[in-house]
Structures are given as structure tokens and as C-alpha cells.
Amino acid sequence: MSQYLKEYKWSNVFAMLRNLRSEPRICTDAFNHRLVVITGATSGIGYATTRKYASRGADLICINRNEQKSKEICETLKNEFNANCSYIISDFTRLADIKLAAEKLSTLDRSIDVLIHNAGIYNTTRILTADNLEEVFQTNYLSTFILNYLLLEKFKRQARGRILFVNSEAYRFAVLGLHLDDLSWERHHYSGINSYGSAKLAQLLSMLKFNECFRGSGITINAMHPGNVKTNSGQNNGVFYKIFKKFFVEPTSQPVDISAEALYYLGVSDEVEKLSGKFFNLTTEEEPTPPALDRVAAEKLWTISLELGGLLETR
């Protein structure tokens with residue numbers, strides 16, 4: 001892991017800091033009756049993004065944990081934008097739920113034009129899921145891997161399509177890469193930023209492999225930092241975290257609409273139609289850190305993910 005340190009470039013750090021002040025590029029194209037699938041659409045970035053796509057004519061499938069909120073979202077989008085909206089109930093802390101959602105999507109009789117992996121959590125304490133995996137790793141990373149993997153063949157049969165990770169500049173906190181032998185944080189110090197940053201780094205490493213799988217297929221896969229926006233992420237944590245977020249994070253936070261604009265641009269604009277395997281700060285492309293470009297680590301993570309996700313006999 002220490003080999004990464006000599007590969008870091010200060011110029012990339014300064015570029016990232018500049019980009020944090022950038023505004024997203026805007027796409028005004030319509031997206032009439034094109035299908036958009038988005039996870040975690042009941043609030044925050046996900047909700048703003050569903051509204052953005054619905055306002056441009058898209059059909060939507062929302063994948064959420066809460067059925068009542070899912071119904072309300074679809075009713076709102078239909079009433080305000082006359083949008084076609086449906087939902088799939090899936091709890092990403094359960095592997096069986098993730099696979100069921102993938103099965104439902106794989107049997108759709110139409111193409112998925114845009115798949116947005118937005119669902120995520122932030123925990124300040126280590127929690128294990130019913131599958132005995134660390135909750136942030138499973139929800140923020142492994143769920144995206146399983147969905148992409150089980151939809152590989154469907155995507156390859158399509159003429160075109162775009163997959164987007166709502167990632168984060170927080171992946172940079174995994175300075176020395178992933179603990180591939182300890183992805184559940186049993187032997188290493190656990191903190192919210194450590195687990196969150198590692199899960200986001202894992203997404204970027206999986207993007208390297210999926211980009212290879214999709215090469216020549218017309219399918220693109222990219223990741224983006226959604227900006228410092230105000231969401232309800234982390235409200236499941238204790239009072240000290242809530243106080244820190246309220247007084248030190250939220251005062252400089254921007255509206256979630258900037259994230260929605262960026263996700264619409266990356267999902268629709270012709271300007272990025274052929275770009276794949278890239279990381280964007282909103283809509284500005286950045287060079288990822290050395291740990292996010294490690295193809296050896298990506299190969300190892302791929303194998304581990306297949307095993308943890310119970311996918312070794314799937315294809």
C-alpha cells in the first residue's frame with residue numbers, strides 16, 4: 001500500500017480543490033420516455049434527481065427501502081410532471097433483496113437508458129448486516145457491484161446506456177488503498193470517514209473492471225462527486241455527529257439541485273456520450289488518486305466481491 005505515496009501528485013490535489021468551487025454544466029435536452037433507474041430516491045440527491053429527469057420527460061423506476069415514501073414519490077411525479085414512475089422495494093443491507101431487485105430489472109422488456117447508483121449510508125460506528133458484512137461496505141459498494149454484475153448481459157444487449165455512481169471525493173481518505181483482507185473492519189480502526197471513503201474507493205476500482213466488460217458495447221460507466229450539498233445523510237448517528245454536521249458542514253452546503261443537474265448532464269448530454277471509466281467532480285473530469293487506478297487491486301476486489309455477493313455460480 002505504501003507504494004501509492006510516491007505516486008500522488010500535488011497538482012491533482014489542487015485541481016480537486018478548485019473543482020469544489022465549480023458549477024455543473026447544464027444539459028437542456030429532453031429525455032422523453034427514456035427509462036431511468038435510480039436507487040435511494042426518497043430524499044436528498046436521489047429525490048432531486050428523480051424530479052429533474054421527470055421534468056424532462058423520463059420514465060422512472062425508483063429502488064427504495066420504504067414503500068410508503070416510494071408511492072408518494074411516484075404520485076408526486078405523476079401529478080407534477082405527468083411522469084411514468086414505478087418502484088421496487090429493496091433493502092440493500094440484505095443481499096437477497098439486492099439480487100431480487102436485479103432480477104426484476106433484468107427481466108424488463110425495455111432498455112435501461114440510465115442507471116444511477118445513489119443509495120448510501122454513513123455510519124460512525126461499525127454495524128454488521130444480517131449477511132455478516134459491514135453495513136457501509138455492503139450498502140454503498142457491494143449492492144452496486146451486484147446490480148451491475150447481474151445486469152451485465154442485459155446492458156450488453158442494449159445499443160446504448162449509461163451507468164452512474166454517485167461517488168465522493170471522500171474516497172481520497174483511503175490514502176493507502178483498501179484493506180482487502182479486512183473489508184469488514186475487524187482488525188483495523190473503524191471510523192465513519194474510513195469506512196465511507198473505502199466503500200467509495202471500492203466503487204471506483206469496480207468501475208475499472210466494469211468499464212473493461214462494457215468496452216465496445218455502447219454502455220458507459222462513470223462516477224461523480226455530487227458536491228457539498230445538504231442532505232439528511234448520517235442522521236442515524238449520535239448527537240455529536242449531528243452537532244458537527246449542523247454547525248460545521250451544513251453552513252457551507254449547497255442545495256441538492258446542483259447534484260441533480262450534474263447527474264442529468266452526465267446521463268443525457270451528447271458531450272459525454274463516449275466517455276467511460278471517468279471520475280467527475282460534478283461535471284468536471286478529474287484524474288483519480290493512485291489507489292483508484294490500481295488494476296491489481298481491482299482484480300482482487302472483483303474476485304472477493306463475487307464471493308461475498310454469492311455470485312460465483314451466477315454466470
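In which sense do strand 7 (residues 279–281) and strand 8 pair, and over how many bridges? The pairing of strand 7 with strand 8 is antiparallel and extends over 3 bridges. The model is predicted: local features need pLDDT of at least 70, side-chain atom pairs count only at pLDDT 80 or more, and totals for chains, interfaces and linings use all residues. Residues are numbered from 1 along each chain as its sequence is written, and side-chain values use heavy atoms, with hydrogens and water left out.

View A. Two strands are taken to pair if DSSP finds at least two bridges between them; strands (E, at least two residues) and helices (H or I, at least four) are DSSP runs numbered from the N terminus.

View B. F280 stands opposite E285 in strand 8. Axes are lines fitted to C-alpha atoms, for helices over the stretch in contact, and angles run from 0 to 180 degrees between N-to-C directions.

View C. Strand 5 (residues 161–166) is largely enclosed by the rest of the structure, because 6 of its 6 residues are buried (under 20% relative accessible area, 1.4 Å probe, protein chains only). G161, I163 and F165 cover one side, and R162, L164 and V166 the other. Strand 4 (residues 114–117) runs parallel to strand 5 and is joined to it by 4 bridges; H117 stands opposite F165. Strand 6 (residues 219–225) is also parallel to strand 5, with 6 bridges between them, and N222 in strand 6 is the bridge partner of L164. The chain passes from strand 5 through helix 7 (residues 192–214) to strand 6 in a right-handed β-α-β crossover.

**View D. The crossing of helix 4 and helix 5.** The axes of helix 4 (residues 95–106) and helix 5 (residues 135–150) come within 9 Å and cross at roughly 35°. Residues in contact (heavy atoms within 4.5 Å) include L95, I98 and A102 of helix 4 and L142, I146 and L150 of helix 5.

How values were computed:
Buried < 20%, exposed > 50% of the residue type's maximum accessible area, 1.4 Å probe, protein only. Right-handed = clockwise from strand over helix to strand, strands pointing away.
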